[in-house]
Amino acid sequence: MSLTLSRDDIKLLTDRIEAAQLNAKAIPKLTDDYPAMTLADGYAVQLELRRRWVEQGRRQAGWKVGLTSKAKMIQMGVNVPSIGFLLADMARPENSAVRTDDLVHPRVECEVAFVTKARLAGPHCTREDVLAATDFILPAIEIIDSRFAGFKFDLQSVVADNGSSARYVAGGRARYAHELDLGTLGVVMEKNGETVAMAASAAVMGHPADAIALLVKVLDELGEDLPAGSFVMSGGITEAIAVKPGDHVIARYQELGSVSVRFV
Ligand code: OOG
Ligand code: MG
């Protein structure tokens, strides 16, 4: 797929996304003004956003894969996975109070996170390659926040918006991948003491390591690799749940303990 946007358009759309993120103010999806935008254009905007922020001194911690489960695809009406980058300053401590006044309309997701110990690269990365390069697994909660009005978008727009990345909380109990059956881990999400979603990790492409393999293939298409020491989230297992100030969320994972977060 090729670029339809000029360098100037890419800069202009990156300005829009950057301002929406920094001011926590929703904007129309980018394809309203640029209907011919392609997936490659979306990644060009995401790359420009990453380049600017890294240049400003923000550090990349890893990546996230999104729209990897049926539940998420159905919820968002997009059926192709996307990737986004994670900055170190988007991380929040477990059980901390996460502000919502700097977010547009936050939602939470339960995800299996991987921390890598070897570089992964190339167009043929497999589940086995991912597991061999995995240092350990952590349970995580991702706090996504689309910058598009009504949390409505298409694939090109959400990719430009860095896959709705906003905050993330890792915690629980770290485990070696070989100690787990990563395809069958159950997770229950509770909000304010009530169960709001539940599923098993197989919901993520059959096995969450397959989502990491997909990430490596997308990175390869973008001319990049996944360095050792990366923190990678494999995608929401259930649909995402909206949160507001005062809410308390806990994700209870089989074998991995639990992760919690509060919103203020
Ligand atoms: C896009 C990001 C999806 C996931 O885990 O599926 C995502 C969105 O739904 O806003 O992070
Ligand atoms: Mg996610």
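Which strand or helix gives the most to the shell around ligand 1? Strand S1 does, with three residues. This is a predicted model, in which local features need pLDDT of at least 70, side-chain atom pairs count only at pLDDT 80 or more, and totals for chains, interfaces and linings use all residues. Residues are numbered from 1 along each chain as its sequence is written, chains are lettered from A and ligands numbered from 1 in the order in which they are written, and side-chain values use heavy atoms, with hydrogens and water left out.

**View 1. The shell around ligand 1.** There are 17 residues around ligand 1 (a heavy atom within 4 Å). Leu-67, Lys-72, Glu-109, Ser-164 and Gly-236 come nearest. Strand S1 (60-66), helix H3 (70-76), strand S4 (107-116) and strand S5 (134-144) each supply at least two residues of this shell; helices (H or I, at least four residues) and strands (E, at least two) are DSSP runs, numbered from the N terminus.

**View 2. Atoms facing the oxygens of ligand 1.** A polar side-chain atom of Ser-164 lies 2.6 Å from an oxygen atom of ligand 1. For Leu-67, a backbone N or O atom is 2.7 Å from a ligand 1 oxygen atom. Lys-64 places a polar side-chain atom 2.9 Å from an oxygen atom of ligand 1.

View 3. Glu-18 forms a salt bridge (a side-chain nitrogen of Lys or Arg within 4 Å of a carboxyl oxygen of Asp or Glu) with Arg-52. Their closest N and O atoms are 2.8 Å apart. Glu-18 is in helix H1 (residues 7-23) and Arg-52 in helix H2 (residues 39-55), 34 residues apart. The structure holds 22 salt bridges.

Conventions
Polar contact = N/O pair within 3.5 Å; in protein donor to acceptor, adjacent residues only side chain to side chain.
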